[in-house]
Amino acid sequence: MESWLKTVADWLPGGNLYYALIGTISFLESVALLGIFVPGSVFIVFAGFLATHGKGSIVVIMAVSAFGAIVGDLLSYWAGARLGPRLLKSRSFLKRKKLLEKARRFFADHGGKSVLFGRFIGFLRPFIPFG
């Protein structure tokens, strides 16, 4: 491993704190709107690379990152279900009523596909729960 990568790996905590960090980053990336600012996918891939070089267990990394992502998605779904209708009635959204209606029609026609593909397109993922 390159020396600068070794230095970065040494900065990271060890043990359960390391796994908690991975799960937290995965969670934050999956939370609606917050995921725009958290590069979780990049960090998780990097954690997998580090696991091949002895930093943590790949099985535990997969488990905590999946758990974090699932909990983040569930929180986002809950927030979208609870806050979405109220948010859509706000002044800034009412100004874009035609665009919202177009989006509603699109989700009515292609909702399932949109959610599936939106999960894998980084810049769309944080907005899907409010659709």
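Student: Is Val-38 buried or exposed?

Tutor: This is a predicted model, in which local features need pLDDT of at least 70, side-chain atom pairs count only at pLDDT 80 or more, and totals for chains, interfaces and linings use all residues. Residues are numbered from 1 along each chain as its sequence is written, and side-chain values use heavy atoms, with hydrogens and water left out. Buried means under 20% relative accessible area, exposed over 50%, and partly exposed in between (1.4 Å probe, protein chains only). Val-38 has a relative accessible area of 17%, so Val-38 is buried.

Student: Where does Val-38 lie?

Tutor: Helices are DSSP runs of H or I with at least four residues, numbered from the N terminus. Val-38 lies in the loop between H2 and H3.

Student: Which residues is Val-38 in contact with, leaving aside neighbours within four places in sequence?

Tutor: Contact means heavy atoms within 4.5 Å. On that basis, Val-38 touches Ile-25, Leu-28 and Glu-29.

Student: What makes up the largest nonpolar core?

Tutor: A nonpolar core is a set of buried Ala, Val, Leu, Ile, Met, Phe, Trp, Tyr and Cys residues joined through side-chain atoms within 4.5 Å. Here the largest has 12 residues, among them Val-38, Ile-25, Tyr-18 and Phe-43. H2 and H3 each supply at least two residues of this core.

Student: Is Ile-36 buried or partly exposed?

Tutor: Ile-36 is found in the loop between helix H2 (15-30) and helix H3 (40-52). Its relative accessible area is 45%, so Ile-36 is partly exposed.
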